[in-house]
Amino acid sequence: MADSSLQVRKTFAQIEEIRSSAGSSDGTPLRKVAVCAVIRNPYAGRGFVDDLSELVEAADALGTSLGEEAARLLGAPVESYGKGGLVGSDGEQEHINAALTSVFGNAFRDAIGGGAAWITSMTKPAVAGDRIDVPTAYKDDVWVRSHYDGVEIRVPDAPHPDELVVIAVVTNRGRLNARVGGTTVADVLARGDQR
């Protein structure tokens, strides 16, 4: 984990590989990787705090380290990404959102080799062991329907009441057997105006 002003209690990674869907496969397995950092929430138990800059500023190091580890574990070029987080009961949802702003997103993009599209996101208050579904979308254009997907994540023993779980997700491709039409990855690459 890169240097950060935040205290990291532990990290957690999850890898899922889907080889077929409905008894059929269209080629390369779909690999989904989630990497999580369980950090102390510096605002936990303090009531309403207007300035959340400590989390926003520390998000750069988190985005870099989580992105680098996610890309390493994926072992293939990143096609889709997403981000998410959980906040323990002594904090508020705005705390985890502060850790996932564009500061985190820009560092995450750089760490995985780029991405032009906004990063899909989900956050929620939680207790230890709660699940969260983090949505994913194509990294260069959110309108590529074949890549609308997500990852279900549960971090054992987290978050404690005074913690945040910061999550970065990457995939190597879109859904298996995707066939709902719309813009394709090939369309985006040919167009060259990624967004």
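**Ground rules.** I number residues from 1 along each chain as its sequence is written, and I treat this as a predicted model, where local features need pLDDT of at least 70, side-chain atom pairs count only at pLDDT 80 or more, and totals for chains, interfaces and linings use all residues. Side-chain values use heavy atoms, with hydrogens and water left out.

**Aromatic pairs.** I looked up ring pairs and found two. Rings of Phe, Tyr and Trp (its six-membered ring) pair if their centres lie within 6.5 Å; planes under 30 degrees apart count as stacked, over 60 as edge-to-face and the rest as tilted. Tyr 81 and Phe 108 have ring centres 5.9 Å apart and planes at 40°, so I logged the pair as tilted. Tyr 81 lies in strand E3 (residues 80-87) and Phe 108 in helix H3, so this pair ties together parts that are 27 residues apart in sequence. Helices (H or I, at least four residues) and strands (E, at least two) are DSSP runs, numbered from the N terminus. For Phe 104 and Phe 108 the centres are 5.8 Å apart and the planes at 45°, so this pair is tilted. Both of these Phe residues sit in helix H3, four residues apart, about one turn of the helix.

I then checked burial (buried means under 20% relative accessible area, exposed over 50%, partly exposed in between; 1.4 Å probe, protein chains only). Tyr 81 is buried at 1%, and Phe 108 is buried at 0%. Phe 104 is buried as well. Ring pairs link Tyr 81, Phe 104 and Phe 108 into a cluster.

**Backbone.** Most residues other than glycine have a negative phi, and most peptide bonds are trans. I noted a positive phi of about 55° at Ala 22, which lies in the loop between strand E1 (8-18) and E2. Ala 22 is exposed, with a relative accessible area of 84%. Asp 157 has a positive phi near 65° and lies in the loop between E6 and E7. Asp 157 is partly exposed at 42%. The peptide bond from Ala 158 to Pro 159 is cis, with omega near 0°. I placed Pro 159 in the loop between strand E6 (149-154) and strand E7 (163-171).

**Loop residues.** Asp 50 is in the loop between strand E2 (30-40) and helix H1 (53-74), and is exposed at 68%. Ala 116 is in the loop between helix H3 (102-112) and strand E4 (120-125), and is partly exposed at 39%. I recorded a C-alpha separation of 21 Å between Ala 116 and Val 56, 60 residues apart along the chain.
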